[in-house]
Amino acid sequence: MVELTQLPAWQTLWEHFVEAKQLHMRDLFASDPQRAERYALEVGGLFLDYSKNRITDSTLRGLMALAREAGLPARIKAMFRGDKINSTEQRAVLHVALRNRTNSPIMVDGEDVMPKVNSVLERMGKFAHAVRSGEWLGYTNQPITDIVNIGIGGSDLGPLMVCRALKPFAHPRLNMHFVSNVDGAQLKETLKKVHSETTLFVVESKTFTTQETLTNALTARDWFVHRARDEKAVAKHFVAVSTNQKAVADFGIDPSNMFEFWDWVGGRYSLWSAIGLPIMLYLGEENFTELLNGAHIMDQHFSNAPFEQNMPVLLAMIGIWYINFYGGGSHVITPYDQYLHHFPAFIQQLDMESNGKQTTLAGKAVEVETAPIIWGETGINGQHAFFQLLHQGTHISPIDLIASLTNCSSLPGHHEILLANVFAQAEAFMRGKTEQEARAELTQQGWQGEALEALVPHKVFNGNRPSNMLLMDLLNPRNLGSLIALYEHKIFVQGVIWQINSFDQWGVELGKQLAKTIQAELLGQPLSPEHDSSTRHLIELYRQANQRGCT
């Protein structure tokens, strides 16, 4: 494998960058009246305007050449074919199989995985129908009113984000709760809101050994048994998403109420699998299927469209342009939709856990920056918080602005204010405000003389700040499915360019290993001599504080 920095297209892009970095988007729009139309793309229910980027036709040609030289066409085919592209764990990467609505065979180790995928989806559908219809009854013969999902990472963020985003499609009787933090406060506050007779707990852990999840699940079980006064009642109020049938049975969950998934389903890509059971319970089988349909539309587009008209490839390669050439080390996600307020955190895990790597597939240190720092908030709130930095700060932080066109709030004037702001922010990021414009504006306001000249520099915006506009007609299950899949594929493309494995996460292991040792020491075991002086002191502080108690 030729290293990234040695590829001819990489060298050509650097030569182009010397000239391109001097360009201002104001001038690019002025010189090309068709720029907005040419730098736009629609896939399914998603519309992308990428015209407000520091790119030209030459930039795009260079980026697409880089994608091809980096072997992206072959890597896309390998993923969809079921090859074990997760090389450090020797696993296929097949979240695309989970939403393969054409049901075409996808092979892993000589076996078509689609019959198993369809079987689990069918079982999930039957169970969801039983809960939603009121057929599934608790130990006092009452229907379920509250569902508590206990998981962490991909077993929490994906279902949480989707359930919050699609709340208008939810069953009116059901309330969704999510517990992920081992800090007892989250579970404690959740249990205050529910009743044992009408609550269903969904415990999500592939191995059923994840410390945080099992700690919360066992505490919830104790809380439940204390109220039900019958160990057997656990089977009516706890179900599992796991692969460890023995551990699930030992917990007290009927194995027939265990929903499986497979090692080729990565945690952060797992909401399409049985990990999405809370989504199906809350939204119903039909809406969950529409979520899958939307993702499949994007999958088909990604695998078949030419790179020049390929939405995930375009977003990924434009991202490469900023990260590796402009030095833009962060990327902002700003949905102008309150229902999507968990979307930035979801993309944060998806991107940073996937591509936050320092080692190439060949086992060498990477020579370039990899995953950007992903951050963000709902756009209107962000305008009154961090947008100041985006407009006048010294960082280059590309921004994804996400909004729905259709006004569904039924509150007059609200949606128009929302959309006016998202469109205005994109224009302001691009245009900025020149010194001449600032001076004219202040003069019109009555400023003059030294006071005017002192204020002018503070009113100047350089502009030329890149943004992508992603629009939906409506935030519904299908469009959300397409949106999530768009980001999944974008992140995969960038991993291919950087020659890293986007599907392992060894970096989370070291802290977990050390935590096991420290946990025992917090409970009184002798301190390990391998600890540094700071860690030893922190442990001693904990011991002293807990001798005093909470008074």
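Reader: Which residues of α1 and α15 meet?

Author: In this predicted model, Trp10, Leu13, Trp14, His16, Phe17 and Ala20 of α1 are in contact with Trp321, Asn324, Phe325 and Tyr326 of α15. Sorted by class, this contact holds eight nonpolar residues, two polar ones and no charged ones.

Reader: How is the arrangement of two packed helices described?

Author: One gives the angle between their axes and the distance between those axes. For α1 (residues 8-20) and α15, the angle is about 80 degrees and the axes lie 11 Å apart. Angles of 65 to 115 degrees count as roughly perpendicular, and α1 and α15 are therefore roughly perpendicular to each other.

Reader: At what angle do the axes of α15 and α22 cross?

Author: The axes of α15 (residues 311-326) and α22 (residues 477-498) cross at roughly 50 degrees and come within 8 Å. The two helices, α15 and α22, are therefore oblique to each other, and their crossing is right-handed.

Reader: Which residues of α15 and α22 meet there?

Author: On the α15 side they include Met311, Leu315, Ile320 and Asn324, and on the α22 side they include Leu486, His489, Lys490 and Trp498. The residues of this contact divide into 12 nonpolar, four polar and one charged.

Reader: What span does α14 have from its first C-alpha to its last?

Author: Helix α14 (residues 285-304) has 20 residues and reaches 28 Å, close to the 28 Å expected at 1.5 Å a residue. Among its buried residues are Phe288, Leu291, His296, Asp299 and Phe302.

Terms used
Residues are numbered from 1 along each chain as its sequence is written. This is a predicted model: local features need pLDDT of at least 70, side-chain atom pairs count only at pLDDT 80 or more; totals for chains, interfaces and linings use all residues. Side-chain values use heavy atoms; hydrogens and water are left out. Axes are lines fitted to C-alpha atoms, for helices over the stretch in contact, and angles run from 0 to 180 degrees between N-to-C directions. Helices (H or I, at least four residues) and strands (E, at least two) are DSSP runs, numbered from the N terminus. Angles under 35 degrees count as roughly parallel, over 145 as roughly antiparallel, 65 to 115 as roughly perpendicular and the rest as oblique. A crossing is left-handed if the near helix is turned anticlockwise from the far one by less than a right angle, and right-handed if clockwise. Contact means heavy atoms within 4.5 Å. Ala, Val, Leu, Ile, Met, Phe, Trp, Tyr, Cys and Pro count as nonpolar, Asp, Glu, Lys and Arg as charged, and the others, Gly among them, as polar. The expected span of a helix is 1.5 Å times one less than its number of residues. Buried means under 20% relative accessible area, exposed over 50%, partly exposed in between (1.4 Å probe, protein chains only).
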